[in-house]
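Subject: Structure for your review

Dear colleague,

I would be grateful if you could read the notes with the model open beside them.

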Amino acid sequence: MSAATSLLLFGATGDLSRRMLLPSLFGLSADGLLHPDLRIIGTARSGLDTAAFRAMAAQALEQHVEAERRPPAAVASFLDRLAYVPLDATQAEGYAALAAEVGDPCRLAIFLSTAPRLFGATITGLAGAGLACAGARLALEKPLGHDLASSRAINDAVAGAYPESQIFRIDHYLGKETVQNLLALRFGNILFEPLWNATGIDHVQISVGETVGLEGRTDYYDGMGALRDMVQNHMLQLLALVAMEPPARFDPAAVRDEKVKVLRSLRPIGPRDVESHSVRGQYDAGAILGQPVRAYADELGRASDTETFVALKAHVDNWRWRGVPFYLRTGKRMPERVSEIIVQFRAVPHSMFGDATLKPNKLIISIQPDENIGLRLMTKLPGLGRDGLKLRAVPLDIGLPGAFADVRRRIAYERLLLDLVEGRQTLFVRRDEVEAQWTWIDAIRAGWAETGMQVKPYPAGTWGPSQAIALTERDGVSWHD
């Protein structure tokens with residue numbers, strides 16, 4: 001697939017574009033990673049012209065890019081790439097002007113960040129204007145439906161104009177450096193792989209905590225909840241990367257084939273298991289960093305049964321992971337913003353150190369806010385004690401920020417946008433992955449509905465309801481807080 005000569009941004013005046021897409025594209029442009037002739041065409045309902053769009057983009061760069069990374073020449077060069085065409089996505093006649101601005105439709109990359117209800121009309125409009133030819137590629141930003149049926153409907157609509165080889169479904173977590181580093185850690189080193197199974201690993205924890213609440217996403221979030229907003233996509237992708245078998249090659253088919261095998265091996269959590277394997281929570285009033293926080297219902301303005309926290313105990317039913325629990329938790333109004341994977345290895349089978357307490361080795365993969373990898377090891381305390389060796393668990397910090405201090409930390413969308421423009425699908429999600437994820441999530445939601453499982457309140461600024469602690473403590477496991 002040849003590199004695109006035009007990039008078409010739907011939703012170009014929206015929040016995602018201002019905060020992430022335009023700063024990411026500027027970073028790529030300033031570093032010489034985009035072809036000098038690549039044109040970026042924004043479109044949205046806003047009645048701007050190209051000059052006004054460029055002014056909006058310049059303001060977005062001022063707000064979201066550090067001053068030292070904004071030399072005037074680089075900013076001017078980037079703004080010269082930009083054009084704008086207003087479009088009501090539901091009006092088919094508007095797409096002709098878009099096509100005229102694009103130029104070669106077969107070397108076009110499209111980033112579609114619109115409401116799901118507009119997908120069908122947008123795809124029809126693009127195809128009708130000749131913007132779905134071979135070589136064009138389409139990136140889809142979530143949400144891609146709210147369950148398996150709606151996801152299939154969206155994918156069917158897209159597939160009617162674009163084959164799977166031209167569809168790039170975005171999960172921005174896959175653009176994060178540490179998530180990609182998980183592949184390098186596992187498959188670029190022989191150290192861990194012999195132990196990366198039920199023989200060597202006791203359990204895995206994946207936590208994604210947010211300190212924010214609704215933050216202007218009221219209608220969307222209350223219709224989705226934590227399970228569908230975070231677990232269905234980001235967290236299940238992280239689980240798949242941890243649990244997948246070694247691919248033969250680092251290419252789209254090989255990597256995604258192994259991920260989908262994991263997702264299809266997830267043990268269903270149905271009505272008989274939801275009480276013992278899942279926890280639903282909703283934040284109540286509390287405090288975060290010393291500041292008072294209102295309850296979810298107060299922020300929303302009405303009572304709601306939507307979960308803002310979910311914890312799950314999952315199993316991957318295959319030979320490698322037989323009996324190894326994967327504990328997942330995510331929530332809003334947590335004490336801190338954090339995304340991390342904890343791989344806890346099994347304890348040594350015999351201690352030669354008498355009464356010394358030996359703690360199992362633990363691999364800590366931090367995704368945000370700080371990207372790093374650490375390993376907890378047992379080591380001897382310094383000193384000349386006469387009564388045997390004294391041991392303590394200490395962290396071995398792999399120190400990614402220090403090791404790569406000369407390399408700029410990039411926005412996840414930079415990696416994904418560059419891959420979209422250049423036609424690399426490895427870090428994008430395939431349709432069968434999405435459907436396997438929704439199948440697992442829908443079973444949980446059906447179990448909640450059948451059992452009438454209610455949300456449990458938790459004070460804002462805490463790690464969720466007490467039931468989430470019990471979920472792991474029943475197995476002799478504690479959350480890594």
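In this predicted model, the axes of helix 6 (residues 148-159) and helix 14 (residues 431-451) come within 9 Å and cross at roughly 165°, where axes are lines fitted to C-alpha atoms, for helices over the stretch in contact, and angles run from 0 to 180 degrees between N-to-C directions. Helices (H or I, at least four residues) and strands (E, at least two) are DSSP runs, numbered from the N terminus. Helix 6 and helix 14 are therefore roughly antiparallel to each other, given that angles under 35 degrees count as roughly parallel, over 145 as roughly antiparallel, 65 to 115 as roughly perpendicular and the rest as oblique. The crossing of helix 6 with helix 14 is left-handed, a term used if the near helix is turned anticlockwise from the far one by less than a right angle, with right-handed used if clockwise. On the helix 6 side, Leu148, Ser151, Arg152, Asn155, Asp156 and Ala159 meet Arg431, Val434, Glu435, Trp438, Thr439 and Asp442 of helix 14, contact meaning heavy atoms within 4.5 Å. Sorted by class, this contact of helix 6 with helix 14 has four nonpolar, three polar and five charged residues, where Ala, Val, Leu, Ile, Met, Phe, Trp, Tyr, Cys and Pro count as nonpolar, Asp, Glu, Lys and Arg as charged, and the others, Gly among them, as polar.

On provenance, residues are numbered from 1 along each chain as its sequence is written, and side-chain values use heavy atoms, with hydrogens and water left out. As this is a predicted model, local features need pLDDT of at least 70 and side-chain atom pairs count only at pLDDT 80 or more, while totals for chains, interfaces and linings use all residues.

Val179, Leu182, Leu183 and Arg186 of helix 7 make the contact with Leu238, Leu241, Val242 and Ala243 of helix 8. By class, the contact of helix 7 with helix 8 has seven nonpolar residues, no polar ones and one charged residue.

Turning to the sheets, nine strands form an open sheet in the order 16-15-14-13-7-12-11-8-17, with mixed pairing, and two strands pair if DSSP finds at least two bridges between them. Strand 16 (391-397) and strand 17 (456-459) stand at the edges with a single partner strand each, so one side of each is left without a neighbour in the sheet. From one strand to the next, the twist of this sheet averages 20°. Helix 7 packs on the sheet, where it touches strand 13 (338-345), strand 14 and strand 15, and its direction makes about 150° with that of strand 14. Strand 14 (residues 362-368) and strand 15 (residues 372-380) pair in the antiparallel sense over five bridges, with Lys362 opposite Arg376 in strand 15.

Strand 7 pairs with strand 13 in the antiparallel sense over eight bridges, and Gln205 stands opposite Ile342 in strand 13. With strand 12 (residues 325-331), strand 7 pairs in the parallel sense over six bridges, and Ser207 has Arg329 as its bridge partner there.

Strand 8 is likewise largely enclosed by the rest of the structure, because six of its seven residues are buried. Four bridges join strand 8 to strand 11 in an antiparallel run, and another four join strand 8 to strand 17, which run parallel. Helix 14 lies across strand 8 (278-284) and strand 11 (309-315), running at about 115° to strand 11.

The other sheet to look at is an open one of six strands, in the order 3-2-1-4-5-6, with parallel pairing. Strand 3 (82-86) and strand 6 (167-169) stand at its edges. Three bridges join strand 5 (residues 137-140) to strand 6, and Leu138 has Ile167 as its bridge partner in strand 6.

With best regards

Conventions
Buried < 20%, exposed > 50% of the residue type's maximum accessible area, 1.4 Å probe, protein only.
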